[in-house]
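Here are some notes on the model you sent, as numbered points.

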Amino acid sequence: MATFAAITLAALVVVAAALHLLTTALVMWRFRGRTQIHPTQPRHGISVLRPVCGLDPDLATTLATSFYGMTAGDEVIFCVARSDDPTIPVLRKLMTEHAGVESKLLVGDDPVSGNPKLNNLVKGWSAARSDWIAMIDSNVLLPRDYVQTLFDTWRVDTGLVSSPPAGTAATNVWARLECAFLNTYQDRWQLAADQLGNGFGQGKVLFWRRDILDAAGGLAALGQELAEDVASTKIVRAAGLKVRIVRRPFSQPLGQRTLVEVWDRQLRWARVRRAGFPLIFALEPLSGVLLPFLALSGLILTGAVAPLVLPVFVVAWYAAEVLLARRAGWPANPADVVMWGLRDAMIPAIWVASFAARGFTWRGTIMDPAADTLQLPE
């Protein structure tokens, strides 16, 4: 029995370490060399839809990047659900400042699903004049070549191009914790999956060819899951196509966060992953250092390995993340490494907490996969 336990603990350590190093190596390979600066795919007209709700930090800055790279035939459409939303003056000012680009502001809510973002976007999808439509959250800071990047990522077998957010501009310790979850953890896993040809959509950026989503039922079809990114991934794969991720994730300036905000957001995403991809979610506790650390500690207590192995293991684990972060240009100073450790301590706790309920409340909307449909608030 003792031998079986030791073998089990050793296997846990080996599997966790192998997954960590493999995903890190795949993403470091992805970031090798210089970013492609010449277009590789045809550039079509594009409609960029940005759903807006409330005055988020740096809103004017992030939304101004919508106009980057716009040419004749392109358009930017801002979607706001309520006529009293305080963002409307900001949007009108941006449109005036970029009068050379076709843009419009659409106000109203169309309850086609239990997802408030989708209900806000429906009018924009209907009004978009292009067959190529990018839905981009308002807090994404787009690079100057983002339009060409989206097209360059598209291939013949592509059904969707997406980008996870890379956390930047963290101004307090809890925002650094958010970066720890986003960059060398969630982005690493998403980019590694894409390297292996099995990309997953991320709701921050969803770039569609209109006919693909319309064939599945349009925006309303994205409301059939807890989150539109899960539904998008399943729709694309059901059509025999692939989700592809841009080579380098687009930035999301974080500003300040509280610990409660970080916990709530990570718990919400965990429940989305649990409902959408349960088999993958079952393995998530192995994705941080805590479980292999405990397993290795158990092996040390039984005398199976020398005590020196434990600190070497931890240093090697985080050294790999440091190398990745530096190659990617993500934050990687000593304070960030401390946050990586806190993140890894939180991963099993978030995983366990996700089983306390199947749904959550987001922007006043009850998102519950146990219901026949996602419920709109009364």
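1. A residue counts as buried under 20% relative accessible area, as exposed over 50%, and as partly exposed in between. The model is a predicted one. Cysteine 53 has a relative accessibility of 39%, so cysteine 53 counts as partly exposed.

2. Cysteine 53 sits in the loop that runs between β1 (47-52) and α2 (59-64). Its C-alpha atom is separated by 8.9 Å from that of lysine 117, and the two residues are 64 residues apart along the chain.

3. The next point concerns threonine 184, which belongs to helix α6 (residues 173-195). Its relative accessibility is 1%, and therefore threonine 184 counts as buried.

4. What does the side chain of threonine 184 join in a polar contact? The partner is the side chain of glutamate 321, at 2.5 Å. With neighbours within four places in sequence left aside, threonine 184 is in contact with Cys179, Glu321, Ala325, Trp330, Trp340 and Arg343.

5. Several of these names return in the pair formed by helix α12 (residues 309-328) and helix α13 (residues 334-353), whose axes are 11 Å apart and which pack at an angle of about 120°. Angles of 65 to 115 degrees count as roughly perpendicular and those over 145 as roughly antiparallel; α12 and α13 are therefore oblique to each other. Their crossing is right-handed.

6. On the α12 side, the contact with α13 is made by Trp317, Tyr318, Glu321, Val322 and Ala325. On the α13 side, the residues are Val337, Trp340, Gly341, Arg343 and Asp344. By class, the residues of this contact are six nonpolar, one polar and three charged. Glu321, Ala325, Trp340 and Arg343 belong to this contact, and each of these residues is also in contact with threonine 184.

7. Helix α6 also packs with helix α9 (residues 259-276), at an angle of about 30° and with axes 8 Å apart. Angles under 35 degrees count as roughly parallel, and α6 and α9 are therefore roughly parallel to each other. The crossing of α6 and α9 is right-handed.

8. From α6, Trp174, Leu177, Glu178, Phe181, Leu182 and Gln186 make the contact with α9. From α9, the contributors are Leu259, Val262, Arg265, Gln266, Trp269 and Arg273. The residues of this contact divide into seven nonpolar, two polar and three charged.

How values were computed:
Residues are numbered from 1 along each chain as its sequence is written. This is a predicted model: local features need pLDDT of at least 70, side-chain atom pairs count only at pLDDT 80 or more; totals for chains, interfaces and linings use all residues. Side-chain values use heavy atoms; hydrogens and water are left out. Axes are lines fitted to C-alpha atoms, for helices over the stretch in contact, and angles run from 0 to 180 degrees between N-to-C directions. Helices (H or I, at least four residues) and strands (E, at least two) are DSSP runs, numbered from the N terminus. A crossing is left-handed if the near helix is turned anticlockwise from the far one by less than a right angle, and right-handed if clockwise. Contact means heavy atoms within 4.5 Å. Ala, Val, Leu, Ile, Met, Phe, Trp, Tyr, Cys and Pro count as nonpolar, Asp, Glu, Lys and Arg as charged, and the others, Gly among them, as polar. Buried means under 20% relative accessible area, exposed over 50%, partly exposed in between (1.4 Å probe, protein chains only). A polar contact is a pair of N or O atoms within 3.5 Å; within protein, one must be able to donate a hydrogen and the other to accept it, and residues adjacent in sequence count only if both atoms are side-chain atoms.
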